[in-house]
Amino acid sequence: MKVHPSRRQREACLYILAYLADNPDAGDTLDGIVEWWMLTQTIKFETHTVSQAVAKLVAEGLIVEKRIDSRVIYKVNRT
């Protein structure tokens, strides 16, 4: 009988494989994979997700962006 992996397990598999694709010479213990590989991939995923959310909020006019030197700052649109 074949066991179907949960959504979380599939996500973990994808994160591990993505980390290894970026770092083909990597090797670590289970603790290291949890602490470093998964953290790295989670941050990448969340950064992408938050970037999309910020772009949507700017497009909807709910927040505004302001350039300060080479950085972009986001704030609530008070108008």
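Student: What should I know before I start?

Tutor: Since this is a predicted model, local features need pLDDT of at least 70 and side-chain atom pairs count only at pLDDT 80 or more, while totals for chains, interfaces and linings use all residues. Residues are numbered from 1 along each chain as its sequence is written, and side-chain values use heavy atoms, with hydrogens and water left out.

Student: How do H1 and H2 pack?

Tutor: In general, two packed helices are described by the angle between their axes and the distance between the axes. Helices (H or I, at least four residues) and strands (E, at least two) are DSSP runs, numbered from the N terminus. Axes are lines fitted to C-alpha atoms, for helices over the stretch in contact, with angles from 0 to 180 degrees between N-to-C directions. Here, H1 (residues 7-22) meets H2 at about 90°, and their axes are 9 Å apart. That makes H1 roughly perpendicular to H2; the labels are roughly parallel under 35 degrees, roughly antiparallel over 145, roughly perpendicular from 65 to 115, and oblique for the rest. Residues making the contact (heavy atoms within 4.5 Å) include Tyr15, Tyr19 and Asp22 of H1 and Trp37, Gln41 and Lys44 of H2.

Student: Is Gln41 buried or exposed?

Tutor: Buried means under 20% relative accessible area, exposed over 50%, and partly exposed in between (1.4 Å probe, protein chains only). Gln41, in helix H2, is buried because its relative accessible area is 7%. Leaving aside neighbours within four places in sequence, Gln41 touches Tyr15, Ala18, Tyr19 and Asp22.

Student: How many salt bridges are there?

Tutor: A salt bridge is a side-chain nitrogen of Lys or Arg within 4 Å of a carboxyl oxygen of Asp or Glu. The count by this rule is 4. Take Asp22 and Lys44, whose closest N and O atoms are 2.4 Å apart. Asp22 lies in helix H1 and Lys44 in helix H2, so this pair ties together parts that are 22 residues apart in sequence. Asp22 is partly exposed at 46%, and Lys44 is partly exposed at 43%.

Student: Which residues does Arg8 link up with in a network?

Tutor: Arg7, Arg8 and Glu11 form a network of salt bridges. The side chains of Arg8 and Glu11 meet at 3.3 Å, N to O. These two are separated by about one helical turn, because they are 3 residues apart in helix H1. Arg8 is exposed, with 58% relative accessible area, whereas Glu11 counts as partly exposed at 23%. Another salt bridge joins Glu60 and Lys56, with closest N and O atoms 2.3 Å apart.

Student: Which residues make the nonpolar surface patch?

Tutor: Patches are made of residues with over 30% relative accessible area and no salt bridge: like charges are joined within 9 Å, and nonpolar side chains (Val, Leu, Ile, Met, Phe, Trp, Tyr) within 5 Å. Accessible areas come from the Shrake-Rupley method with a 1.4 Å probe, and for residues only the protein chains shown count as cover. Trp36, Leu39 and Ile43 make a patch of about 320 Å². Ile43 belongs to helix H2 (residues 30-59) and is partly exposed, at 48%.

Student: What is the phi of Asp69?

Tutor: Most residues other than glycine have a negative phi. Asp69 has a positive one, near 55°. Look for Asp69 in the loop between strand S1 (63-68) and strand S2 (71-76); Asp69 is exposed, at 78% relative accessibility.
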